[in-house]
Amino acid sequence: MKLKKKEMGITLIVLVVTIIVLLILAGVVLRIVAGEQGILKRTEDAVTKNDKGTAIEELELAIADLKVKYWEDGAVGSLQDYVINALDKYEEIGGKLLGTLSIEPTGKLSYETETTVIGWIDEKGNLQIGEKNMEPPTIPEGLEIGSTVSYNPSGTYNWQAEYCSSNKTVETDDVELNSGTGESFNISSWRVFNIDRATGKIEMVPAGPTSGEVYLGESQGYNNGVKLLNDACNSLYSDSSKGITARSINRGDIEKRIEKEKLATIKAGYSHTNLSSYAHLNENDQVSNAYEKDASKYPLIYGKEALSVIDGNPNADGLEMSEQKVLIGRTEADANGKVASNR
């Protein structure tokens, strides 16, 4: 019998199946490369992220340059306002931005390069990144630093002799303070002291002094002065229904409104001999001979303050300005609120 040789080849069915499989594989590949989580999309996202990072870095370098200029020039006004105004004109003052910057009076900015960066300048002059729909709070039209605002609070505070003096009689010499209309601590006219455009926070100070007085004396007055004044102001002038929180104004508030060169001149006029109680002539300066020699005791809180000096030993870590959180009673040290030095 003669055998017929079997011919090898691809049938139409096999060919169709092969094409279908290839199409399926092609579809899988395309989905991997170009899908929502695909290679191309991830590459595109990486490029966009890199472009955005470069734009942010460029803005931050420009802002850092302007902050240095702010201090060098002894500029007047807040650091936030200075950076907002100067960044908007950065190229005019010798800077260079590769993209297109638009910045609103509120501090909101849009910076376009290969991508778009949306953000704002905060009260410390730093760049904050936000979403496109981010809208800083609206400042009332016409309100600016120095504007007069009418606000008539009503509150009370018990000014206690135990904390304000080492000599007054506890409870007997306590005084009830009242800020209501017609009372001695009433204040109804205020001036705008500072405006934070990013948060909408407005700081105000009284347009004039009150007729009321308080007593702060001896070591207990020193021990509790910061907290007493803050607590009293908070109770007398805050109004939670209006979003108003009050505190005592401090040296830091005043210094940020003084030209840097004039501030340096003022500080240079103080000496350790004629103003030994001025504890912070500069950030890292302190009265070097405080509570040495004949001083046998010192106010209790003084030993807890940053840069205090007792027996020639500076305190490198402690309370900064206006950081007192707890009132100090007379019994925590001796009857006068003092503790003994090591000498």
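Student: Which element gives the most to the lining of the largest pocket?

Tutor: Strand 9 does, with 6 residues; strands are DSSP runs of E (at least two residues) and helices runs of H or I (at least four), numbered from the N terminus. The model is predicted: local features need pLDDT of at least 70 and side-chain atom pairs 80 or more, while totals for chains, interfaces and linings use all residues. Residues are numbered from 1 along each chain as its sequence is written, and side-chain values use heavy atoms, without hydrogens or water.

Student: How many residues of the lining of the largest pocket are nonpolar, polar and charged?

Tutor: The lining has 14 nonpolar, 4 polar and 5 charged residues. Nonpolar covers Ala, Val, Leu, Ile, Met, Phe, Trp, Tyr, Cys and Pro; charged covers Asp, Glu, Lys and Arg; the others, Gly among them, are polar.

Student: Why is asparagine 230 called buried?

Tutor: Its relative accessible area is 18%, and buried means under 20%, exposed over 50% and partly exposed in between (1.4 Å probe, protein chains only). Asparagine 230 therefore counts as buried. This residue lies in helix 5 and touches Ala246, Arg247 and Ser248, residues up to four places away in sequence not being counted; contact means heavy atoms within 4.5 Å.

Student: What makes glutamate 171 exposed?

Tutor: Glutamate 171 has a relative accessible area of 62%, so it is exposed. It lies in the loop between helix 4 (161-164) and strand 7 (175-178).
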